[in-house]
Amino acid sequence: VLGIAIGRGAKGALAIGPNSSAPNNIESMAIGRVASATALGPSIAIGIRSQAQSDNDVSLGIDSISSGSKSLSLGYNVTSSGVSAITLGSYLTASSTNSIAIGIGTSEASRLINSIASSLVVGFSSTPTLFVNGSSVGIGTTTPGYQLQLTNGGSWSGINAGSSTFS
């Protein structure tokens, strides 16, 4: 394979670090400890045990995995498995097309997960705090029935909703 491989067990297009590999494409890059960019097309993996498994994937961090084409994983123990999926944080999964997960799950066993296509979840436990899709926003719910839906009550002050003002 044409390329540069530096480090014990390194191989591929650009592989730097112990047991890092980018074996399948001259445009791939793996930098770190046991980082791998194994797609047939271009991909980038940087960090410790980071993996970029599909074309045009980018995976940065520790135990981060990008396996959906054109996906991005940034952080600790994050997985972007949907096409064009994005994760940013810790203990996260974005598993559907164009899904985004931002925040911090509780643990490996209790991850913050977004499995809804073309949506964003934000949270700081395994339950999303904020959910956004193309037509609605949910606070405390991932299935809003209105353009804006709050669950578990709420309080408002100075909110104007058409001809009504809540205070």
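The largest nonpolar core of this predicted model consists of eight residues: Val-78, Ala-85, Leu-92, Ala-94, Ala-101, Leu-112, Val-121 and Phe-131. A nonpolar core is a set of buried Ala, Val, Leu, Ile, Met, Phe, Trp, Tyr and Cys residues joined through side-chain atoms within 4.5 Å; buried means under 20% relative accessible area, exposed over 50%, and partly exposed in between (1.4 Å probe, protein chains only). Leaving aside residues up to four places away in sequence, Leu-92 is in contact (heavy atoms within 4.5 Å) with residues including Val-78, Ala-101, Arg-111 and Leu-112. Another core, of six residues, lies apart from the one above, and among its members are Ala-22, Ala-30, Ala-35 and Ala-45. In soluble globular proteins, nonpolar side chains tend to be buried together.

Residues are numbered from 1 along each chain as its sequence is written. Local features need pLDDT of at least 70 and side-chain atom pairs count only at pLDDT 80 or more, while totals for chains, interfaces and linings use all residues; side-chain values use heavy atoms, with hydrogens and water left out.

Strands (E) are DSSP runs of at least two residues, numbered from the N terminus, and two strands pair if DSSP finds at least two bridges between them. Strand E12 (residues 86–94) runs parallel to strand E13 (residues 100–104), joined by five bridges, and Gly-89 stands opposite Gly-103. E13 also pairs in the parallel sense with strand E15 (residues 120–123), over four bridges; here Ile-100 has Leu-120 as its bridge partner.

E5 pairs with strand E7 (residues 43–48) in the parallel sense over five bridges. Ala-30 of E5 stands opposite Ala-15, and its bridge partner in E7 is Ala-45.

The structure holds two salt bridges, each defined as a side-chain nitrogen of Lys or Arg within 4 Å of a carboxyl oxygen of Asp or Glu. One joins Arg-49 and Asp-63 (2.6 Å, N to O). Arg-49 lies in the loop between E7 and strand E8 (51–52), and Asp-63 in the loop between strand E9 (57–62) and strand E10 (65–66), so the pair ties together parts that are 14 residues apart in sequence. The other joins Arg-111 and Glu-108 (2.9 Å, N to O). Arg-111 is buried, at 12% relative accessible area, while Glu-108 is partly exposed, at 45%.
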